[in-house]
Amino acid sequence: MSQIVKTLLSDGPSKSILSVYLQSDGVEGELTNYILLDPKVDLTPTAKQLTVLQIWYSFSWFDALLSFDDVSPYPSWMLTRDTGNYHDFRYFGGLKDRSGIDSTGKLFLTTTGFAPIGSTGTIIIEDKKDF
């Protein structure tokens, strides 16, 4: 079984910081629309939606796509293994959940290349809570 360890590092009144460790077992395959964060369940106070402010990440042998939940998940940002591992979106207000009226506010992760054993990664995401 692949190992996914989610740790809420901070859960303040307007922002949260989530750390996620990923390790493939080489059997289960890719993650598809894995729920990284559900603002209505994981956060206090609960939020309707999230805005991603900053991301730090390091991936070994895989890429990942962040999406917001909707009838069809709304792609937001590609995290690639061969580029810089820090992105600051605060200058323009962050990556907002623009998925539509059927949005649940959940932040998804979908991987490409995660299936082989030895694929590991860490993500730290700072979110703003939208009420």
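1. Salt bridges. This is a predicted model. The count of salt bridges in it comes to three. Each pair is taken in turn below.

2. Lys 129 and Asp 11. These two residues form a salt bridge, with their closest N and O atoms 2.5 Å apart. Where do the partners lie? Lys 129 is in strand β10 (residues 120-130) and Asp 11 is in strand β1 (residues 3-11), so the pair ties together parts that are 118 residues apart in sequence. Now look at the surroundings of each partner. Lys 129 counts as buried because its relative accessibility is 4%, and the cut-off for buried is under 20%. Asp 11 has a relative accessible area of 28%, so it is partly exposed.

3. Arg 90 and Asp 88. The side chains of this pair meet in a salt bridge at 2.6 Å, N to O. Arg 90 has 43% relative accessibility, so it counts as partly exposed. Asp 88 is also partly exposed, at 34%.

4. Asp 130 and Lys 128. Here the side chains meet in a salt bridge at 3.0 Å, N to O. Is Asp 130 buried or exposed? At 17% relative accessibility, Asp 130 counts as buried. Lys 128 has 29% and counts as partly exposed.

5. Asp 69, a charged residue without a salt bridge. Asp 69 sits in the loop between β5 (63-68) and β6 (74-79). Asp 69 is buried, yet it has no salt bridge. Asp 69 does have a polar partner: its side chain makes a polar contact with the side chain of Thr 104, at 2.5 Å. Leaving aside neighbours within four places in sequence, Asp 69 is in contact with Ser 99, Ser 103, Thr 104, Lys 106 and Phe 108.

6. An open sheet. Four strands form an open sheet in the order β3-β9-β5-β6, and the pairing is antiparallel. Which strands stand at the edges? They are β3 and β6, each with a single partner strand, so one side of each is left without a neighbour in the sheet. From one strand to the next, the twist averages 35°. Strands of a sheet pair through backbone hydrogen bonds.

7. The pairing of β3 and β9. Strand β3 pairs with strand β9 (residues 107-112) in the antiparallel sense, over three bridges.

8. Most residues other than glycine have a negative phi, and most peptide bonds are trans. Some residues here are worth checking against that background. Asn 33 has a phi near 50°, a positive value in a residue other than glycine. Asn 33 is in the loop between β2 (15-23) and β3. With 30% relative accessibility, Asn 33 counts as partly exposed. Trp 61 also has a positive phi, of about 80°, although it is not a glycine. Trp 61 lies in the loop between β4 and β5. Its relative accessibility is 58%, so Trp 61 counts as exposed.

9. A cis peptide bond. Which form does the peptide bond from Thr 44 to Pro 45 take? The bond is cis, with omega near -5°. Pro 45 lies in the loop between β3 (34-37) and β4 (49-60).

Technical notes:
Residues are numbered from 1 along each chain as its sequence is written. This is a predicted model: local features need pLDDT of at least 70, side-chain atom pairs count only at pLDDT 80 or more; totals for chains, interfaces and linings use all residues. Side-chain values use heavy atoms; hydrogens and water are left out. Helices (H or I, at least four residues) and strands (E, at least two) are DSSP runs, numbered from the N terminus. Buried means under 20% relative accessible area, exposed over 50%, partly exposed in between (1.4 Å probe, protein chains only). Lys and Arg count as positive and Asp and Glu as negative; His and the chain ends are not counted. A salt bridge is a side-chain nitrogen of Lys or Arg within 4 Å of a carboxyl oxygen of Asp or Glu. A polar contact is a pair of N or O atoms within 3.5 Å; within protein, one must be able to donate a hydrogen and the other to accept it, and residues adjacent in sequence count only if both atoms are side-chain atoms. Contact means heavy atoms within 4.5 Å. Two strands pair if DSSP finds at least two bridges between them. Axes are lines fitted to C-alpha atoms, for helices over the stretch in contact, and angles run from 0 to 180 degrees between N-to-C directions.
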